[in-house]
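Visitor: I would like to learn how to read a protein structure step by step. Could you guide me through this one, giving the general idea before each case?

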Amino acid sequence: MKKSIGISPNIETFFGTRDENVRLLEDGLSVTINLRSNAIELEGAPRDVARAEQVFADYESLQRSGYSFNNGDLNSMLRVLTSDPTTTLRGLADAGRQRSFGRRTVQPKSSNQRRYLEAIEKHDMVFGVGPAGTGKTYLAVAMAISALLAKRVNRIILARPAVEAGERLGFLPGTLQDKIDPYLRPLYDALYDMLDPEKVDRYLEKNVIEIAPIAFMRGRTLNDSFVILDEAQNTTSEQMKMFVTRLGFNSKAVITGDITQIDLPNARRSGLLEAIEVLKRVEGLAFVHFDEGDVVRHHLVQRIVRAYDEHKARVAEQQMLLLEAKSADSTSEKPIPLLITNEEKGPSVEVKG
């Protein structure tokens with residue numbers, strides 16, 4: 001099926017750098033898009049062409065209404081749209097309008113990120129589990145700031161276990177806050193990225209935003225709060241149970257972690273691993289699992305995550321083959337004959353005929 005649609009003003013901005021958005025649409029919707037002198041020609045299956053036509057119509061409508069796409073937002077929306085048939089460009093744009101993220105515009109860059117944001121909106125406790133660079137912490141902080149600015153909560157509490165990543169830093173000078181700040185730096189980075197530095201400092205000074213190690217959570221009841229536990233894979237079972245039972249009235253909790261980067265001495269005692277198993281059937285909770293396709297850092301990070309996953313699979317396969325070989329050897333061994341010495345036979349008896 002072929003269909004031609006009219007060219008709207010400023011349509012060249014839709015195509016993106018080196019037509020990357022058009023190629024993304026072509027691959028995701030299985031259509032061919034050609035720009036003619038007076039029209040855009042779409043070719044493909046009727047259903048796919050209809051979806052592509054809807055994308056262009058939504059883009060034109062959003063432009064007329066004054067909506068502006070910034071920082072690669074359009075490319076991110078198209079990635080979500082092509083991977084999820086139920087979404088539309090207008091629907092994704094309207095969802096972004098409904099959230100206020102301070103000075104930043106934050107758009108989900110994958111279907112899992114969109115499900116993550118929707119889960120945080122609908123549930124009081126959400127677990128975001130996946131590899132580095134998938135936006136687990138950043139999006140959680142964005143949703144916390146959105147809730148604070150919209151006055152749905154009165155404060156934000158950001159917690160993190162103070163566990164060193166494979167090295168001992170020894171004694172750290174300064175006040176207690178000075179000692180724990182290095183462990184909480186990623187949370188500060190997200191805050192300063194989304195809010196003016198003066199506002200962040202003012203919120204921190206007034207304890208509207210509180211950043212603390214998870215050890216400080218014991219005994220507290222957190223009402224009217226948005227609570228985030230980052231690097232949850234490095235909590236112990238006792239710490240995780242303590243944290244998930246702190247939730248008070250009108251509060252939300254988001255727990256993020258990467259189970260492939262556990263820095264505890266005994267990885268099997270990770271509180272996150274236990275919580276995934278224990279809480280998976282509890283009503284009112286949501287679990288969102290990310291994978292390498294959700295990595296939004298440098299493109300090399302996605303390849304690195306994939307390489308580590310493949311290496312882990314190869315090592316597991318080799319270990320399984322070794323176990324099978326050892327098992328086969330043990331079953332095929334012949335029984336060792338029992339050697340009896342003359343002493344063990346006892347005295348001989350001579351029989352005369």
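Guide: Let us start with the nonpolar core, meaning a set of buried Ala, Val, Leu, Ile, Met, Phe, Trp, Tyr and Cys residues joined through side-chain atoms within 4.5 Å. The largest such core here has 36 residues, and those with the most contacts inside it are Tyr116, Leu158, Leu191, Ile209, Ile211, Phe226 and Ile228. At least two residues of this core come from each of helix 6 (111-122), helix 7, strand 5, helix 9 (185-194), helix 10 (197-205), strand 6 (209-213), strand 7 (225-229) and strand 9 (285-289). Helix 7 gives the largest share, 9 residues. A second, separate core of 28 residues has Leu24, Leu25, Ile40 and Ala52 among its members.

Visitor: What kind of model is this, and how are the residues numbered?

Guide: This is a predicted model, in which local features need pLDDT of at least 70 and side-chain atom pairs count only at pLDDT 80 or more, while totals for chains, interfaces and linings use all residues. Residues are numbered from 1 along each chain as its sequence is written, and side-chain values use heavy atoms, with hydrogens and water left out.

Visitor: How many helices and strands are there in the protein chain?

Guide: Helices (H or I, at least four residues) and strands (E, at least two) are DSSP runs, numbered from the N terminus. The protein chain has 14 helices and 9 strands. The word buried means under 20% relative accessible area, exposed means over 50%, and partly exposed lies in between, with a 1.4 Å probe and protein chains only. Of the 353 residues of the protein chain, 42% count as buried.

Visitor: Which residues is isoleucine 228 in contact with, leaving aside its neighbours within four places in sequence?

Guide: Contact means heavy atoms within 4.5 Å. With those neighbours within four places left aside, isoleucine 228 is in contact with Ala140, Val141, Ala144, Ile157, Leu158, Ala159, Phe243 and Val254. For the protein chain, 72% of the contacts with a separation of 6 or more are between residues 24 or more positions apart.

Visitor: How should I describe two helices that come together, such as helix 2 and helix 4?

Guide: Axes are lines fitted to C-alpha atoms, for helices over the stretch in contact, and angles run from 0 to 180 degrees between N-to-C directions. Angles under 35 degrees count as roughly parallel, over 145 as roughly antiparallel, 65 to 115 as roughly perpendicular and the rest as oblique. The axes of helix 2 (residues 20-29) and helix 4 (residues 73-83) come within 9 Å and cross at roughly 5 degrees, and the two helices are therefore roughly parallel to each other. Helix 2 makes the contact with Glu20, Asn21, Leu24, Leu25, Gly28 and Leu29, and helix 4 with Leu74, Asn75, Leu78, Arg79 and Thr82.

Visitor: Which residues of helix 3 are buried?

Guide: An α-helix has 3.6 residues a turn, so residues three or four places apart point the same way. In helix 3, the buried residues are Val49, Ala52, Val55, Phe56, Asp58, Tyr59, Ser61 and Leu62. Glutamate 60, also placed in helix 3, is partly exposed, with a relative accessible area of 30%. Its C-alpha atom is 8.2 Å from that of proline 9, although glutamate 60 and proline 9 are 51 residues apart in sequence. Just after helix 3, glycine 66 takes a positive phi of about 95 degrees.

Visitor: Where does lysine 151 lie, and is lysine 151 buried or exposed?

Guide: Lysine 151 lies in the loop between helix 7 (136-149) and strand 5 (155-160), and counts as exposed because its relative accessibility is 72%. Although lysine 151 is not a glycine, its phi is positive, about 60 degrees. Asparagine 250, found in the loop between helix 11 (237-244) and strand 8 (252-257), is likewise a residue other than glycine with a positive phi, near 55 degrees.

Visitor: Is serine 110 buried or exposed?

Guide: Serine 110, in the loop between helix 5 and helix 6, counts as buried, because its relative accessibility is 8%. Not counting residues up to four places away in sequence, serine 110 touches Val80 and Asp294. Threonine 87, in the loop between helix 4 and helix 5 (89-97), counts as buried at 9% relative accessibility.
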